[in-house]
Amino acid sequence: MDVDKQETMEETILVGDDLMRGPPSPVIPKDIASHVLEGVELCDGILKNLFLCLQINDIEPFCQDEIVLYRQCAEKRDKEIRERMQDSEYKLGVSMPLEGAKERATQLQSEITLLERRMILASGLEGMDGFRQRWSLHGQLGDTRKRLEALNRGIGKRENQSSTQEGTKSSPAGKRWFFCTRCVGSANSKGSSIQLYSYFDPDATDNLLASFEQLPEARLQLVEL
C-alpha cells in the first residue's frame, strides 16, 4: 500500500464550525424524552474530553482526535434519537385516545407554523449569529415535521382499522346452513327420531320438500352452524 495515498488527519484541519456541517442535534420533547434517550450513548464523556483539550491547548489543531471522535459519536447519536422520536410519535398516534392524538397533531402543526415564522425573521440576520440561528431553526423545523408525519401515520392506521372493523360488522361472513328433517309419529313406524342433514342448496329445496309431502307430521327445520 502506498503510504502517500493514505489520508491522514493532518491533511484536513477540523475546527469547531465543522461540527455544524450536518443538522443540529434534535430538541427532545419532555413527554417522550425517557423513551427516546433510554440506552442511547450521549457522547458526554467524549465531549468532556474535547472541552478539556481545548482548555489546555486553546486551539483546535491540537485537538483533532477529540473533534473527530465527538463528530462521529454525535452523528450516530442524533440519527438514533431522530428515529426514536418518530417511532414514539407513531406509537402515540396508534395507542393514545383518538381525540388526544388529534390535539397533539394540531399542537405540532402550531409549532411548525411558529418555527417557520422565526425562520423568516432569522433570514434577515447577518454574520455568524444569523447563520447559527437559521441552522438551529432549520433543524428544529425538519424534526417537528417528521414527528407530525409519524403521528399522522399512527392516527391513519387506527382510522383504517376502525373502518375495516365496521365494514366487517356491517357485512358478516356468509353463513352455512343445513337442512334438518325430523320425522316423528306415523312418519316413523318405530317412533324414533330420524334426522337427515345436507348442505343448503336453494335449487334442491323444492325436491327436498316434495319428497316429504306424504309425511303430514314431518317438520323441516334450519340449523345454523
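This is a predicted model: local features need pLDDT of at least 70, side-chain atom pairs count only at pLDDT 80 or more; totals for chains, interfaces and linings use all residues.
I started with the length of helix α4: at 1.5 Å a residue, its 25 residues should span 36 Å, and the end C-alpha atoms sit 36 Å apart, so the two agree.

Next I looked up which residues of α4 are buried. I got A101, R104, A105, L108, I112, L115 and A122.

I picked I112 to follow up. I found I112 in α4, which runs over residues 98-122. Its relative accessibility came out at 4%, and since buried means under 20%, I112 counts as buried.

What does I112 touch, leaving aside its neighbours within four places in sequence? I listed L141, T144, R145 and L148. For I112 and L141 I also checked the C-alpha separation: 6.2 Å, with the two residues 29 apart along the chain.

Then I turned to the nonpolar cores. The largest one has 11 residues, and I112, L141 and L148 are among them. Also in this core are A101, A105, L108, L115, A122, L137, L151 and I155. I asked which elements give two or more residues to this core, and got α4 and α5 (127-170). The top contributor is α4, with six residues. A general reminder I jotted down: nonpolar side chains tend to be buried together in soluble globular proteins.

Setting aside neighbours within four places in sequence, I saw L137 in contact with L115, R118, M119 and A122.

Last entry: I noted a second, separate core of 10 residues, including C43, L50, Y70 and A74.

Terms used
Residues are numbered from 1 along each chain as its sequence is written. Side-chain values use heavy atoms; hydrogens and water are left out. Helices (H or I, at least four residues) and strands (E, at least two) are DSSP runs, numbered from the N terminus. Buried means under 20% relative accessible area, exposed over 50%, partly exposed in between (1.4 Å probe, protein chains only). Contact means heavy atoms within 4.5 Å. A nonpolar core is a set of buried Ala, Val, Leu, Ile, Met, Phe, Trp, Tyr and Cys residues joined through side-chain atoms within 4.5 Å. The expected span of a helix is 1.5 Å times one less than its number of residues.
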